[in-house]
Amino acid sequence: MPILEAHDLHKIYRTDGVAVPALRGVDSTLEPGEFVAVMGPSGCGKSTLLHLLAGLDTPTQGGVVLDGQRLNDLNESRRALLRRATVGFVFQAYNLIPNLTVVDNVDLPGLLAGQPAAEVAERRNELLEALGIAEKADEFPHQLSGGQQQRVAIARALINAPTVLLADEPTGNLDSRSGNEVLALLRGFNEEGQTILLVTHDSKMVGLGPIPVPVDGLGLALLLPGLMLMAALGAYLPARRAAHLPVVEVLQEE
Ligand SMILES: Nc1ncnc2c1ncn2[C@@H]1O[C@H](COP(=O)(O)OP(=O)(O)OP(=O)(O)O)[C@@H](O)[C@H]1O
Ligand SMILES: [Mg+2]
């Protein structure tokens, strides 16, 4: 059973009476154990897609099935509970809490989920170690580099051992070396079974050439994240998974 399904997702933002279409009909599935990269240029709707998949926002049309539950059927508080139980989210701008240390930032979702403090601490220490930032445990976000903050955000997203990790441009603000390191870390988590969906505008990140640009004048780019994923993760991806890789259609920036 897929962990995540998007059915005909549309999102139109309305600001001051102006309609901004961000997604026009995205269908996608994510199977357990997959590591999928969805690519598209800036403004094409990647963050919007991730927010809808996580239930952080609601679609204008269409629906999301997360861990077998239709998000449309749930009210906001039930969505929040389901999200807490199943989703780890790495925000594009990290969203670390500035006046909390690394330890407290990472522990917070675990403690909010009601996990025993000792277990949270143990898992946090493992994650900080695995992500190479153990020595930063007692520092505050402003004392860290962008790459280190990105790793803290990843640790925080993984503290509850989520069913799926959703990562919004997890290497977007990093130089190529730090970006490659973060990508390698994510691959490592995936090899241990973590399901991951990341979005990026950076084709270099997944070792690809330029992103396909639509030529039909409709402003639609048909992206094949599955192919991109295979390019990105080829050595790690069993061929049989290729059949499950989603095709995601996102709106090209106009
Ligand atoms: N809260 C909002 N209100 C109005 N319009 C929005 C809102 N959020 C996003 N948009 C618009 O929706 C479109 C898609 O935005 P989104 O943030 O999903 O793009 P993105 O692919 O994540 O871009 P980037 O690569 O720059 O992060 C853009 O045209 C953006 O201006
Ligand atoms: Mg974005």
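This is a predicted model: local features need pLDDT of at least 70, side-chain atom pairs count only at pLDDT 80 or more; totals for chains, interfaces and linings use all residues.
Q: How many helices and strands does the protein chain have?
A: Seven helices and 10 strands. Helices (H or I, at least four residues) and strands (E, at least two) are DSSP runs, numbered from the N terminus.

Q: What share of the chain is buried?
A: Of its 254 residues, 39% count as buried. Buried means 20 or more other C-beta atoms within 10 Å of the residue's own; exposed means 12 or fewer, and partly exposed is in between, with C-beta atoms placed from the backbone.

Q: And what share of the contacts is between residues 24 or more positions apart?
A: Among contacts with a separation of 6 or more, 71% are of that kind. Two residues are in contact if their C-beta atoms, placed from the backbone, lie within 7 Å.

Q: On to ligand 1. Which residues come nearest?
A: Tyr-13, Ser-42, Lys-46, Ser-47 and Thr-48, out of 14 residues around ligand 1. A residue is near a molecule or strand if its C-beta atom, placed from the backbone, lies within 6 Å of it.

Q: Which elements give two or more residues to that shell?
A: Strand S1 (4–15), strand S2 (18–30) and helix H1 (46–53). H1 has the largest share, three residues.

Q: How does the shell divide by class?
A: Four nonpolar, nine polar and one charged. Ala, Val, Leu, Ile, Met, Phe, Trp, Tyr, Cys and Pro count as nonpolar; Asp, Glu, Lys and Arg as charged; the others, Gly among them, as polar.

Q: Is H1 mostly covered or mostly open?
A: Mostly covered: six of its eight residues are buried. They are Lys-46, Thr-48, Leu-49, Leu-50, Leu-52 and Leu-53. Just after H1, Gly-55 takes a positive phi of about 75°.

Q: Which residues does Val-199 touch?
A: Val-38, Lys-46, Leu-49, Leu-50, Asp-168 and Glu-169, leaving out residues up to four places away in sequence. Val-199 is in strand S8 (residues 195–200).

Q: Why does Val-199 count as buried?
A: Because 27 other C-beta atoms lie within 10 Å. Its C-alpha is 4.7 Å from that of Val-38, which is 161 residues away along the chain.

Q: Switching to helix packing. How do H5 and H6 cross?
A: The axes of H5 (residues 146–158) and H6 (residues 176–191) come within 10 Å and cross at roughly 15°. Axes are lines fitted to C-alpha atoms, for helices over the stretch in contact, and angles run from 0 to 180 degrees between N-to-C directions. So H5 and H6 are roughly parallel. Angles under 35 degrees count as roughly parallel, over 145 as roughly antiparallel, 65 to 115 as roughly perpendicular, and the rest as oblique.

Q: Which residues meet there?
A: Gly-147, Gln-150, Arg-151 and Leu-158 in H5 meet Ser-178, Val-182 and Phe-189 in H6. By class, that contact has three nonpolar, three polar and one charged residues.

Q: What about H3 and H5?
A: Helix H3 (residues 102–112) and H5 have axes that come within 7 Å and cross at roughly 30°. That makes H3 roughly parallel to H5.

Q: Which residues make that contact?
A: From H3, Val-102, Asn-105, Val-106 and Pro-109; from H5, Val-152, Ala-155 and Arg-156. The classes here are five nonpolar, one polar and one charged.

Q: Last topic: backbone phi. What is the phi of Asp-67?
A: Positive, about 50°, although Asp-67 is not a glycine. Most residues other than glycine have a negative phi. Asp-67 sits in the loop between strand S4 (61–66) and strand S5 (69–70). It is partly exposed, with 16 other C-beta atoms within 10 Å.

Q: And Tyr-94, what is its phi?
A: Also positive, about 65°, and Tyr-94 is not a glycine. Tyr-94 lies in the loop between strand S6 (87–90) and H3. It counts as buried, with 20 C-beta neighbours inside 10 Å.

Terms used:
Residues are numbered from 1 along each chain as its sequence is written. Chains are lettered from A and ligands numbered from 1 in the order in which they are written.
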